[in-house]
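Keep the structure in view as you read.

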Amino acid sequence: MRILITAGPTREYLDDVRYLSNASSGQMGYALARSAIAAGHEVALVSGPVTINPPAGCEIYQVETTDEMFAQCEKLFPNCDGVIGTAAVCDYRIKTRKPGKIAKTGEAITLELIETIDVLAELGTQKGSRWVMGFALESQDARFNAVRKLYSKKCDAIVLNSVSAIGSSENFVEVIDQSQEIVATYSGEKTQVADSLIDWIQQHLAGS
Ligand code: CTP
Ligand code: CA
């Protein structure tokens, strides 16, 4: 298979020097890329800014903003068999980016934020015969919200990630498929969890 993987955070600039983002390390996406390559697949990795190196043998596309991530994915997706969305996409951007640098005023300021494009949901609408696996990070009503995202983003499966996984080398995940049931659980080092998830994809999504 040729697999598209999104990873890392995106950045949304408020002005020329400041941005909104999050603490995603990119580890889960990069581990999946490594596992997929080890299993004999081709990987196109579209990554926001992270400090880790992509695995050998992987095509890497570095992006910064959510729009850039989407544009790159939209180009690559038609030539892939499926997509795994691990990116911690920045959900909001400033409505009007200010040129230069916003100066202090001595008073509170209000920023008007609007939602960014949903990369995975857009790819879901374009998927045709391709498969789509999402990741979901929830702090409450985890399974309910994960199932809601599975449908709204037209995913074939969604991986429910534990909040404690952020920035950690370990993870505990539950795979939920369109039956709305938990069909697999994996825990341990992200590298091991990644091997298991690629194996699960090969058995359940390949050729779907
Ligand atoms: N995702 C995406 N583009 C976005 C937001 C999310 O591609 N703008 C993808 C993520 O990479 C992940 C899945 O959608 O695979 C779920 O991300 P998550 O942040 O859990 O869900 P959201 O839809 O953003 O909802 P919320 O953050 O409000 O819970
Ligand atoms: Ca989000």
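## The main sheet

This is a predicted model.

What holds paired strands together? Strands of a sheet pair through backbone hydrogen bonds, and they can run parallel or antiparallel. In a regular strand, the side chains alternate between the two faces of the sheet.

## Strand β9 and its partners

Look at β9, which covers residues 131-137. On one side, β9 runs parallel to β6 (residues 82-85), and four bridges join the two strands. V83 stands opposite V132 of β9. I84 has M133 of β9 as its bridge partner.

β10 also runs parallel to β9, with five bridges between them. Here F135 stands opposite V159 of β10.

Is β9 largely enclosed or open? Six of its seven residues are buried, so β9 is largely enclosed by the rest of the structure. To count as buried, a residue needs 20 or more other C-beta atoms within 10 Å of its own.

## Around ligand 1

How many residues surround ligand 1? There are 16, and the closest are G85, V89, V119, L120 and G134. Helix α3 (119-125) and strand β9 each supply at least two residues of this shell. β9 gives the most, with four residues.

Seven of its residues are nonpolar, five are polar and four are charged.

## Two loop residues with positive phi

D141 lies in the loop between β9 and α4. Its phi is positive, about 45°, although D141 is not a glycine. D141 has 10 other C-beta atoms within 10 Å, so it counts as exposed; the limit for that class is 12 or fewer.

K154 lies in the loop between α4 and β10. It too is not a glycine, yet its phi is positive at about 55°. K154 has 16 other C-beta atoms within 10 Å, which makes it partly exposed.

Which residues does Y13 contact beyond its neighbours within four places in sequence? They are R18, Y19 and R97. Y13 sits in strand β2 (residues 12-13). It has 16 C-beta neighbours inside 10 Å, so Y13 counts as partly exposed. Y13 and I94 are 81 residues apart along the chain, but their C-alpha atoms are separated by 7.4 Å.

K95 sits in the loop between β7 (92-94) and β8 (113-115). With 9 other C-beta atoms within 10 Å, K95 is exposed. Leaving out residues up to four places away in sequence, K95 touches E112, L113 and I114.

## The whole chain

Now step back. The chain has five helices and twelve strands. Its radius of gyration is 17 Å, close to the 17 Å that the globule rule gives for 208 residues, so the chain is as compact as a globular protein of that length. Along its principal axes, the C-alpha trace spans about 60 × 35 × 35 Å.

Buried residues make up 37% of the 208 residues. Contacts also reach along the sequence. Take those between residues at least 6 apart: 60% of them join residues at least 24 apart.

Note on methods: Residues are numbered from 1 along each chain as its sequence is written. Chains are lettered from A and ligands numbered from 1 in the order in which they are written. This is a predicted model: local features need pLDDT of at least 70, side-chain atom pairs count only at pLDDT 80 or more; totals for chains, interfaces and linings use all residues. The radius of gyration is taken over C-alpha atoms; the globule rule is 2.2 Å times the number of residues to the power 0.38. Two residues are in contact if their C-beta atoms, placed from the backbone, lie within 7 Å. Two strands pair if DSSP finds at least two bridges between them. A residue is near a molecule or strand if its C-beta atom, placed from the backbone, lies within 6 Å of it. Ala, Val, Leu, Ile, Met, Phe, Trp, Tyr, Cys and Pro count as nonpolar, Asp, Glu, Lys and Arg as charged, and the others, Gly among them, as polar.
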